[in-house]
Each structure stands twice: as C-alpha cells, then as structure tokens.
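User: Could you go through a structure with me? I'd like to ask about side-chain contacts and the surface.

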Amino acid sequence: MSVSILLNLAGGLGLFLFGMKLMSQAIEKVAGAKLRHILEIFTTNRFMGMIVGIAFTGIVQSSSACTAMVVSFVNAGLMNLYQAAGVIFGANIGTTITSQLVSFNLSKIAPVILLAGVLVVMFTPKESVKQVAEVVVGFGILFVGLSTMSSAMAGMRDEPQVVSLLGSLTNPFLATIMGMVITSVIQSSSVTVSIVLLLAQQGLLDLPICLYIILGCNIGACTTALLASLAGKKDAKRAALIHFWFNVIGTVLIYIILAFAMEPVLALISMISADNGRFVANAHTIIKIFQVIVLFPFSGWIVKLACACVPGEDKKIGYRESYQLKYIGERVVFNPATAVFEVMKELDRMASLASENLNRAMNALITLDEEDIEEVHEVEKNIDFLNHAITDYLVKINQTTLPIEDLKSLGALFHVVNDIERIGDHAENVAEAAKRRKENGAVISKQAQMELGEMLDMVNKIIQYSIEMFIKSDEQHMREIIALENQVDAKEKELQQAHVDRLTRGECTPEAGMLFSDIVSGLERVADHATNIAFAIINQEREEEAIEGA
C-alpha cells in the first residue's frame with residue numbers, strides 16, 4: 001500500500017475522531033445540564049427511560065457518554081438499577097443514529113458546514129452562540145474526515161494485498177473479535193461502524209462479515225462504562241454490567257439467527273438499502289432494535305444477573321463518618337455532567353453535620369456535658385476535612401469540560417463551602433464557651449436559657465430553609481428566610497439590650513454576661529451565613545442575567 005494512502009487514511013481517521021469528540025463535548029457543554037434534568041425527571045419507569053436513552057444518545061452522538069453518565073447517576077443515587085436498565089437499552093438504539101448520518105453522503109457540503117461554524121466561533125461575541133457553533137464545527141470536521149477516509153479507501157481497491165487481506169476475513173468469530181478490540185481501543189462503536197460502512201461502500205468488505213464486526217463493536221462499546229465503574233460503588237459496577245450483558249446476550253441471539261437464516265436476513269436488509277453503506281447503517285439499527293424488543297421484557301432478569309455478578313452491599317458512610325467523602329473523590333465515578341450535582345449532595349451532607357454540631361454545642365452550653373463538648377471538636381475536624389476536600393474537587397472540575405449551566409454555578413459553590421465551614425466554626429466557638437463556663441462556674445439564668453433557645457429555633461429554621469433552597473435551586477422559601485433573618489437581627493438587638501439590663505440590675509455576673517453576648521452574636525452570624533447559602537446560586541444567576549443583558 002502506498003504511503004500517501006496510509007497518510008490520508010490516518011489523517012481522515014484523526015479528523016473523524018476529533019470531530020466526533022468535539023461535537024459530543026460541545027453538545028454536553030451546551031445541553032448537559034438540561035439533559036441531566038431530563039434523565040432525573042423522565043426515568044421513573046423503564047419504558048420512559050428507554051425513550052430518554054434513545055433521545056439522549058441521538059443528541060450526544062455517543063452511547064459511551066450516555067452509559068458512563070448513567071453509571072455516574074447510579075453511583076450518586078440519582079437513579080436505581082431498573083431505571084438505568086431502561087436508559088441503557090435506549091442508548092443502544094440511539095447510538096445507531098451516527099451510522100445513519102454517515103451513510104448519507106454529506107461529505108460534499110461538509111467544508112461549507114465547517115466554514116460556517118468556524119466563522120461564527122471566530123466572530124460572534126455571544127458565548128452561548130459560540131458554544132452551539134462548536135457543535136457545527138465538530139460536525140463539519142467529522143464529515144471532512146469521512147471524506148478523506150473514503151478517498152483513501154477508494155485507492156485501496158487498487159491495492160491487491162489489501163483486497164486479498166480484507167477478502168480473507170471470512171471467520172465470523174474473528175470478525176467479531178476484531179470489531180470488539182477496535183471499539184475497545186477507540187471507545188466508540190459509532191466510529192468503528194462508520195469505518196466498516198466506508199469499507200463496505202468501497203466493496204472491500206463482504207456484507208455478511210460486516211454484520212459480525214458490528215456485533216463485536218456492540219460488545220466493545222461496553223468498555224467505557226466498565227472502566228468508568230471500576231472506581232465506583234457496587235451499583236455503578238452493576239449498571240455497567242447491565243450494558244455488558246445486554247450486548248453479550250443480544251449478540252448470542254443474533255449469532256443463532258444468522259447461523260440458520262443468513263440469506264433471508266441479507267435479503268431483508270438489502271430490500272431497504274440503496275447501497276452497501278446504507279446496508280451497514282440499516283443493519284446496525286435493525287440489530288439494536290431487535291435486541292431491545294426481545295430483551296426489554298427480561299430487563300429485570302438482566303438486572304438480577306448483574307447483581308449476582310457483583311454481590312453484597314457497599315459500606316454505608318453516615319453523616320458523622322469522619323474524614324470520608326461519600327459522593328465525590330477518588331473512589332467515585334467522575335462524569336462532567338454529574339460532577340456539580342454530586343458536589344451539591346456532598347455539601348448537603350456537610351451542612352447537616354454543621355447544623356447538627358451547632359445544636360450539640362448549644363446543648364453542651366446548658367448541660368456542660370463533657371462528651372458533647374469533645375464531640376463538637378471532633379465533628380468540626382471532619383467539617384474542616386470536607387471543606388478542604390470539596391474545595392480541592394471544585395478546583396479540579398473547574399479545569400474540565402463542564403456543562404455551561406454547571407460552570408456558571410462554580411463560583412457560588414466555593415462561597416457555599418466557606419459559609420458552611422463558618423457555621424461549623426461558630427459551633428466550635430459555642431463549645432469553647434461551654435468549656436469556659438464549666439471551668440469558671442458561670443451561671444446562665446433560666447430566662448437567658450429560654451431566650452437562647454428561642455433564637456436557636458429561628459436559626460435552625462433559616463438553616464433548614466436555606467439548604468432546601470440551595471439544593472433545589474428554587475425560590476420557594478425566599479420570603480420565609482428574609483422574614484426570619486430580619487427577626488433574628490431584631491432578636492439579637494433585643495437580647496443584647498436585655499443582657500445589659502440584667503447586668504445593670506446585678507442579676508448577671510460579668511463572666512456570664514460576656515458569654516451570653518458572644519453566643520447571641522455568634523447565632524446572628526450563623527443566620528447570616530445560612531442566608532448567604534440560600535441566595536448563593538440565585539445571586540449568581542441574576543448577576544449573569546444582568547451581564548448578558550448589558
């Protein structure tokens with residue numbers, strides 16, 4: 001084979017792979033957060049999950065990206081295995097859309113598409129338009145690469161060695177292994193099937209062998225999800241195995257059919273195919289649809305098979321487990337589309353620790369329980385650990401390709417981590433006050449205890465509403481939080497004045513009075529930090545709306 005053909009083939013493949021990756025990443029950046037919300041809402045049953053899986057993979061143009069995201073969702077507890085099975089089944093149909101697009105000869109207009117996308121990226125001032133244009137650029141590069149590969153393969157027809165080598169591929173098992181290995185390396189069945197499609201168009205591969213290579217591609221496509229699940233929880237591994245077993249069982253079924261009815265299958269697909277390229281694309285789609293129709297009623301059994309392959313349960317990490325991350329970190333599946341969602345779940349856990357610690361410290365202030373005081377300090381160390389670990393993770397994901405909506409919220413998340421950590425610090429301050437009170441015997445009157453209890457109840461409500469508002473990213477509790485914050489401010493002034501009055505009347509010692517004043521001021525600042533948490537993301541959104549409207 002001449003060097004020029006090899007270089008054109010390599011260059012075309014490089015453009016095709018880069019175009020596919022660029023297009024997929026650009027789509028995830030533009031629509032990743034919206035697609036995640038769709039997955040959250042519409043996967044309540046397996047059938048709806050399958051429909052969403054088809055649409056999702058058809059849009060993103062990558063079943064590997066879809067299944068890897070599903071593995072991440074299962075790992076984060078956003079989706080159970082039965083819901084995941086439906087999405088995975090749908091993803092297997094959605095991935096055939098790429099080969100259908102490739103089978104239509106768009107190579108002639110690809111340079112025009114590419115130029116249009118590049119011009120928009122270079123000259124548009126609006127970032128949202130630029131992101132959409134990147135999708136167009138990826139699409140154009142993909143088809144320019146296909147055109148280059150197609151031209152190189154046309155030259156390969158004149159190379160006797162190449163024709164002889166590809167013509168000697170007659171063993172179905174070897175063809176399946178070849179498809180599986182190539183797809184495992186490239187990590188995209190769409191790319192491998194597209195290459196097979198081009199070879200078939202040039203008459204370099206026999207159609208029966210194309211069918212077996214496609215079957216191998218389907219199994220090789222499981223590699224991405226299997227690799228992504230290795231660092232995850234057991235349910236993440238099971239989700240990846242659902243994808244694997246679906247393709248293995250589906251391949252065995254097609255093998256049996258082809259063994260007894262190869263000629264009728266070839267005739268049926270040829271009837272609806274204008275050329276060999278359309279034959280490969282249609283065969284890919286028909287195989288996947290057939291597998292889903294046959295196996296969908298048995299999806300529950302496939303889930304049970306995956307569970308049998310990965311028995312047992314993960315060690316549960318509770319709210320008070322020390323120095324462990326539950327939703328993010330090295331042992332958790334990383335996916336850009338779910339990274340921010342997982343951070344928010346970790347922050348929810350951290351906030352619960354801080355709120356619980358504040359109440360423990362306030363209880364210790366009254367009871368002087370030594371164990372409670374020590375536990376406050378231990379939990380605060382855990383909160384500090386979470387603060388550093390989550391902040392480091394936010395820095396890490398800020399350097400990845402996140403969906404645009406998630407990228408906008410990163411600044412707010414940094415502030416929220418800091419506010420939660422400050423609530424934890426105030427809880428520790430209360431514990432220190434309890435220790436001082438125990439050492440110097442300062443007495444807090446029943447009236448002062450009641451006043452502190454009333455203020456703490458108000459602060460607890462603000463924390464509860466703020467965390468709910470932050471996690472759900474809605475303004476449901478906005479009025480309650482604003483009203484409570486004003487009440488806490490008024491309460492702080494009222495209690496400080498009451499404290500001065502008691503000192504004036506000699507009803508309170510200076511030591512107890514100073515301690516009381518510090519606690520009241522601390523609770524007021526806790527309410528401020530909680531309010532900051534509530535409005536963090538909403539303020540971020542409003543700032544960006546103002547910038548875009550300027």
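This is a predicted model: local features need pLDDT of at least 70, side-chain atom pairs count only at pLDDT 80 or more; totals for chains, interfaces and linings use all residues.

User: What do the side chains of E454 and K491 form?

Analyst: The side chains of E454 and K491 meet in a salt bridge, at 2.8 Å from N to O; the term stands for a side-chain nitrogen of Lys or Arg within 4 Å of a carboxyl oxygen of Asp or Glu. This pair links distant parts of the chain, with E454 in helix α19 (residues 446-472) and K491 in helix α20 (residues 478-505), 37 residues apart. Helices here are DSSP runs of H or I with at least four residues, numbered from the N terminus.

User: How many salt bridges does the structure hold?

Analyst: The structure holds 9 salt bridges. One of them joins R349 to E346, with the closest N and O atoms 2.6 Å apart, and both residues lie in helix α16 (residues 336-367), 3 residues apart, or about one turn of the helix. R349 counts as buried at 2% relative accessibility, and E346 counts as buried at 0%.

User: And what about D235, which residue does it form a salt bridge with?

Analyst: D235 forms a salt bridge with R238, the closest N and O atoms being 2.7 Å apart. Because the two are 3 residues apart in helix α13 (residues 234-271), about one helical turn separates D235 from R238. D235 is partly exposed at 30% relative accessibility, while R238 is buried at 5%.

User: Changing topic, which residues make the nonpolar surface patch?

Analyst: L115, L119, M122 and F123 make a nonpolar surface patch of about 460 Å². Patch members have over 30% relative accessible area and no salt bridge, with nonpolar side chains (Val, Leu, Ile, Met, Phe, Trp, Tyr) joined within 5 Å and like charges within 9 Å. Accessible areas come from the Shrake-Rupley method with a 1.4 Å probe, and for residues only the protein chains shown count as cover.

User: Where is M122 found?

Analyst: M122 is found in helix α6 (residues 110-123), and M122 is exposed, with a relative accessible area of 57%.

Key: Residues are numbered from 1 along each chain as its sequence is written. Side-chain values use heavy atoms; hydrogens and water are left out. Buried means under 20% relative accessible area, exposed over 50%, partly exposed in between (1.4 Å probe, protein chains only).
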